[in-house]
Amino acid sequence: MTTATTGGPATRAVGTPHVRLEGRDKVTGAARYAADHPADGLAHGWIVPSTVARGRVRSLDDASALKMPGVLAVLHHGNASRLTEDFVGTFGPDATTQVFQHDRVPYLGWPVACVVAETPEQAREAAETLAVTYATEPHDVDFRPGHPGAYTPEEMAVGPACTEKGDVEAELAASDVVVDAHYSTAEEHHSPMEPHAAMARWDDGRLEVVDSTQGAYATARDLALLFGLDPASVHLRSEHVGGGFGCKAQVRPHLILAVMATTLLGRPVRVVLTRAQMFTLIGHRSPTAQRVRLGAGADGRLRALEHTALSATSTVREFIEPSAQYGRSMYDADGHRTVHSVVRLDVPTPTYMRAPGEAPGSFALECALDELAERCGLDPIALRARNEPAVGPVSGLPFAGRRLLDCFAEGARRFGWDGRDPRPGVRRDGRWLVGTGTAAATFFTGARPSTAAVTAHADGTFTARIAAADIGTGARTALTQLAADALEVTPGRVRVLIADSDFGDAWLAGGSMGTRSWGWAITLAARELRERLALGEDIPPDGLTVRSDTEQAVNSLAAYERHAYGAQFAEVAVDPGSGEIRVRRMLGVFAAGRIVNPLTARSQLTGGMIWGLSMALHEEAVRDTATGGLVNTDLAGYHIAAHADVPAVEADWIDDPDPDDPVGIKGIGEIGGVGSAAAIVNAVWHATGVRHRDLPIRPDRVVLMPRP
Ligand code: MOS
């Protein structure tokens, strides 16, 4: 381990609340998102989605569309330019990029054409009249446990599909208490406020692109690869992004089509997804069917832990929701098994979304533990304390810090947990039954290689450049604070420029590793610059620039179990007559590394907790097995927790600097969304005495599940 530098230099911008630097631009409309950038001669593309769930395009008659006002071109599989086959991007092989490369229709909503016109309205009008016929085949979109097509691969994107140690069956048989329960979660959609948009144009032999992406450099690199271009000839920017949550981490059809169209027409082209298209073209979280089997002695100590998780993927690309990985680092047992399986259906390809794996997986396992605590007559926090592992249960590696129980202690104190009556269904407040629940949280922490450049100017100001993305998290502000501290100047003297692929390779805003990975690179460059200035080095007219590359540093991190932790608490009120559930308050206490900007960090953590509320009670994409499509592809039908759903949500943290990070950061991107659904579901049990195991807990599910 390297020496921790957690105190920070004299300026101490890190740890001090700071409003978003671009906040004023955003609220006044001055900030330009991808669809806001103007261009002379701009043309507009409109995607035509398939209307069948499986088959082939038989005919596509573009003659009448081409005669419509303003229409410039109709792109489809019969005329589109060829893309790199067997494309392997930042996240591995990805056939979802093969737009218009074949006539196969793998799901309802797959792009079959793109109309380009002078205005979006003209493009849309022509797109809606385009005559497409299909040779249809029977489809299967019916996700269900025990699906005959389910299989277990060797590997998932994030690790092995299965882990096993000891003898689960023998340990279960020898256990005093056994919990064996099935859980399900609904298909969920990222639903950022800003729909995906891209504008592309050729300028002097260079492809100039503005895209709503979580990673300007990775997207530019993948785009070049897909189109067979020299990477240096692609310049991509994404200065402002209105939410991502995982769905803006890859090259998506809107971008591919903008590039195809501008290449064909020689004019700038913009393609914007509609809200409905956001439910088919950009990934989602698969529904899950999980089973948890726990066996314990009468004292609550786990002897057996088995977590199996089934998710769905498309016929285009295998993506597995890694729900069962949660228990691999969290809880030990003599017999320990985690298994993922997946079934290929005629549905769009899922992807990483808001704590992939951990969000649905923690719901199942943390609810099963609550049930185990009940059966053992133990307080849920005491049960978790009894099962704190000394080393990684599967890896055997030591923990690089694990302050889970400290989170519980602080959370219990502030929430008022002590003295809680464990009996369910006994507290009334008028028509409401009231209860409280808790759950643990964890998320992997790490850093990925990034490069940065920091420049000192003669006027005493500094500019840092890094291909980071601020998707609403406040990353730009956090990086400014980090640069200021490393330079030992006030943040007002530092300008941080981000989201430009010309700034060089950098990790993307994902995996809860954005700010940490970028902050590391900026800190190294800024510290070296400060030292050189302190030694009296002159600043030339174009500034003195120091570059950093963290590849060696992050790749030589010693092998540890590296995680952030949290304790989630919730109080709910349930009306058993109407089935309405009101969350009254939530508290999350986290041990998640040094907090750079308490203002935006609190916002990120409470946002994650609200996602958990939303997962527990609201979010559910409903697929119609007859057509194969979703029936609720808008934000009215697909309900995400809104203001009226959200009570007093409080997030806080305990001191937990990462000793191996130059500033002590771990990463807080996703942990707020872990365990929060389970805390609510456990509180619903405490209120009503009913164990809900299928999410979301809609009012009809409350009404239909009789209380004991
Ligand atoms: Mo996130 S699901 O790591 O973009």
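**A guided reading of the predicted model**

Thr-97 counts as buried because its relative accessibility is 0%, a value below the 20% limit under which a residue is called buried. Thr-97 is found in the loop between strand 5 (92–93) and strand 6. Apart from neighbours within four places in sequence, the residues in contact with Thr-97 are Leu-83, Phe-87, Leu-226, Val-251 and Ile-256. Arg-54 is 43 residues away from Thr-97 in sequence, and their C-alpha atoms are 18 Å apart in space.

The protein chain contains 16 helices and 28 strands. Its C-alpha trace spans about 75 × 75 × 50 Å along the principal axes. The radius of gyration is 26 Å, which agrees with the value near 27 Å that a compact globule of 708 residues would have. Of the 708 residues, 60% are buried. Among contacts with a separation of 6 or more, 82% are made by residues 24 or more positions apart.

In general, the strands of a sheet pair through backbone hydrogen bonds, in a parallel or an antiparallel manner. Strand 2 (residues 55–61) is joined to strand 6 by two bridges, and the two run antiparallel. Arg-56 has Arg-104 in strand 6 as its bridge partner.

Another antiparallel pair is formed by strand 3 and strand 7 (residues 111–117), joined by five bridges. Within this pair, Ala-73 stands opposite Val-116 in strand 7. Strand 3 (residues 71–76) is largely enclosed by the rest of the structure, because five of its six residues are buried.

Strand 17 and strand 18 form a hairpin with five residues between the strands, where Gly-300 takes a positive phi near 90°.

Strand 12 (177–185) and strand 17 (288–296) each supply at least two residues of the lining of the second largest pocket. This pocket has a volume of about 440 Å³. Its lining comprises 25 residues, and those nearest the centre are Phe-143, Glu-187, Pro-287, Ala-621 and Arg-623. By class, the lining of the second largest pocket consists of 13 nonpolar, six polar and six charged residues.

Across the whole structure, a search finds five cavities of 30 Å³ or more, and the largest cavity holds about 80 Å³ of space. The residues that line the largest cavity include Thr-96, Tyr-107, Trp-110, Arg-252, Pro-253 and Thr-280. Leu-281, Ile-282, Gly-283, Pro-348 and Thr-349 are also among the residues lining the largest cavity. This lining has six nonpolar, four polar and one charged residues.

Trp-202 is located in strand 13 (residues 197–203). With a relative accessible area of 34%, Trp-202 is partly exposed, whereas Thr-97 is buried. Not counting residues up to four places away in sequence, Trp-202 touches Leu-207, Leu-229, Thr-262 and Thr-263. Between the C-alpha atoms of Trp-202 and Arg-413, which are 211 residues apart along the chain, the separation is 60 Å.

Note on methods
Residues numbered from 1 in each chain as written. Predicted model: local features only at pLDDT ≥ 70, side-chain atom pairs only at ≥ 80, totals over all residues. Heavy atoms only, no water. 1 Å grid on protein atoms, 1.4 Å probe; cavity = no way out; pocket = protein on both sides within 12 Å on 5 of 7 lines; lining within 4 Å. Points joined across faces, edges and corners; volume = space filled by probe spheres on them. Helix = DSSP H or I, 4+ residues; strand = E, 2+ residues; numbered from the N terminus. Nonpolar A, V, L, I, M, F, W, Y, C, P; charged D, E, K, R; others polar. Pairing = 2+ DSSP bridges. Rg over C-alpha atoms; globule rule 2.2 N^0.38 Å. Buried < 20%, exposed > 50% of the residue type's maximum accessible area, 1.4 Å probe, protein only. Contact = heavy atoms within 4.5 Å.
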